[in-house]
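Here is a colleague's note for someone opening this entry for the first time. Please keep the structure in view while going through the numbered points.

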Amino acid sequence: MQREIANFFKPFYSAPFYADLLQNWKGIGIGFILLVAFIDVIALAIPLGKFMPGFSELMTKTATQLPKVTIKDGILSIDQPSPYVIKQGEVKSIVFDTSDAAKDMDVVTKALEKDHIGIYVTSEFMAYKKTDSALEIQRFDKQGLKDIVIDHDRWVSTIALILKWGVVVIVMLIGMMFIVGIFFTTFIKAFIVKLVALFFNNKPDFSGNMRLAAAAALPPAFVFTAYGIMHSLTAAPVLAGEAPPPTVEIPYFMSFVIWLGFVLFGLWSNDQASKAG
């Protein structure tokens, strides 16, 4: 990994680097795969970092308004008059309605659609729109929630804990997914390198194809991520309740063409080094 970091920028320009990579390096390019995954995680973390302050403010404000909730034998009750509404501005984000009328799914469905409510909590279930047309229902008696009490302090502490560690865990999980995904992508691209190498005098073995496929992925990943970061940093700050800034979509075909260009450069560099040497 230290060698890959030391040669981080050489895949952008260095013919001797590619010749050395194919002729003398060992392994399948795991170091470059990890570097590309790290770059992709940074590309995700920057816009997420701009989104989180507003999201944290929204969640903290919501936590301070949540009532004490008691679930006994699958039946929910609250310590506030029903219906109890939590708003974000003029939007009803959460409604607690423990009346008998709210047990009717038609009543809940109409309320969700009419008032654009985020989450509707009744004495027997919680409902929210999964999509514009699909309604998700979570019944308390089927969730193992037989006897539970969540008071105000517990709401606040739980949400604070989620805000503190939730993003870290999510980024780590996504990072692991990126590593696995990039490894399999590199594996597939190694076969493309093998086909392209048929037009050159020196044909690397499969581990060399993997190294070249991984190293050639570094320049497009770095350039597009840098562009995305600049776009995120120049975007307006995200306020509480707003959606995160859109990510910069780079057509995969463009990235592939640039990657293929560096593969050709690497194979050509290897041929030239062999002729000179």
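Predicted model: local features only at pLDDT ≥ 70, side-chain atom pairs only at ≥ 80, totals over all residues.

1. The chain has 277 residues, of which buried residues make up 36%, and its secondary structure consists of 8 helices and 8 strands. Among the contacts between residues with a separation of 6 or more, 65% are made by residues 24 or more positions apart.

2. Five strands, in the order β3-β4-β5-β6-β7, make up an open sheet whose pairing is mixed. Since β3 (84-88) and β7 (135-139) stand at the edges and each has a single partner strand, one side of each is left without a neighbour in the sheet. On average, and with direction ignored, neighbouring strands of this sheet are turned by 20° against each other.

3. Within the sheet, the pairing of β4 with β5 can be followed residue by residue. Strand β4 (residues 91-96) and strand β5 (residues 119-121) run parallel and are joined by 3 bridges; in one of the bridges between these strands, Ile94 has Ile119 of β5 as its partner. Helix α4 (residues 105-115) packs on the sheet, where it touches β4, β5, β6 (125-129) and β7, and the direction of α4 makes about 40° with that of β6.

4. The charged contacts deserve a separate look. Asp100 counts as exposed because its relative accessibility is 61%, whereas Lys103, at 37% relative accessibility, counts as partly exposed.

5. Which residues does Glu124 meet in salt bridges? One partner is Lys103, at 3.9 Å from N to O, and this pair links distant parts of the chain, given that Glu124 is in the loop between β5 and β6 while Lys103 is in the loop between β4 and α4, 21 residues apart. Another partner is Arg139, where the closest N and O atoms are 3.1 Å apart; Glu124 lies in the loop between β5 and β6 and Arg139 in strand β7, so this pair ties together parts that are 15 residues apart in sequence. Glu124 is partly exposed, with a relative accessible area of 22%, and Arg139 is likewise partly exposed, with a relative accessible area of 28%.

6. The nonpolar interior can be read next. In soluble globular proteins, nonpolar side chains tend to be buried together. Here the largest nonpolar core has 29 residues, and Phe32 and Leu267 are the ones that touch the most other members. At least two residues of this core come from each of α2 (15-23), α3 (30-65), α5 (152-196), α6 (206-216), α7 (218-234) and α8 (252-276), with α3 giving the most, 6 residues. If neighbours within four places in sequence are left aside, Leu267 is in contact with Leu22, Val193, Val196, Ala197, Phe200, Pro204 and Leu212. Another core, of 15 residues, lies apart from the largest one and has Ile71, Ile78, Val121 and Ile159 among its members.

7. Phe17 is buried, with a relative accessible area of 5%, and Tyr18 counts as buried at 0% relative accessibility. The rings of Phe17 and Trp25 also form an edge-to-face pair, because their planes stand at 90°, with the centres 5.7 Å apart, and both of these residues are buried.

Definitions and conventions
Residues numbered from 1 in each chain as written. Heavy atoms only, no water. Pairing = 2+ DSSP bridges. Helix = DSSP H or I, 4+ residues; strand = E, 2+ residues; numbered from the N terminus. Axes fitted to C-alpha atoms, helices over the stretch in contact; angles between N-to-C directions. Contact = heavy atoms within 4.5 Å. Buried < 20%, exposed > 50% of the residue type's maximum accessible area, 1.4 Å probe, protein only. Salt bridge = Lys/Arg side-chain N within 4 Å of Asp/Glu carboxyl O. Core = buried A, V, L, I, M, F, W, Y, C linked by side-chain atoms within 4.5 Å. Phe/Tyr/Trp six-rings, centres within 6.5 Å; stacked < 30°, edge-to-face > 60°.
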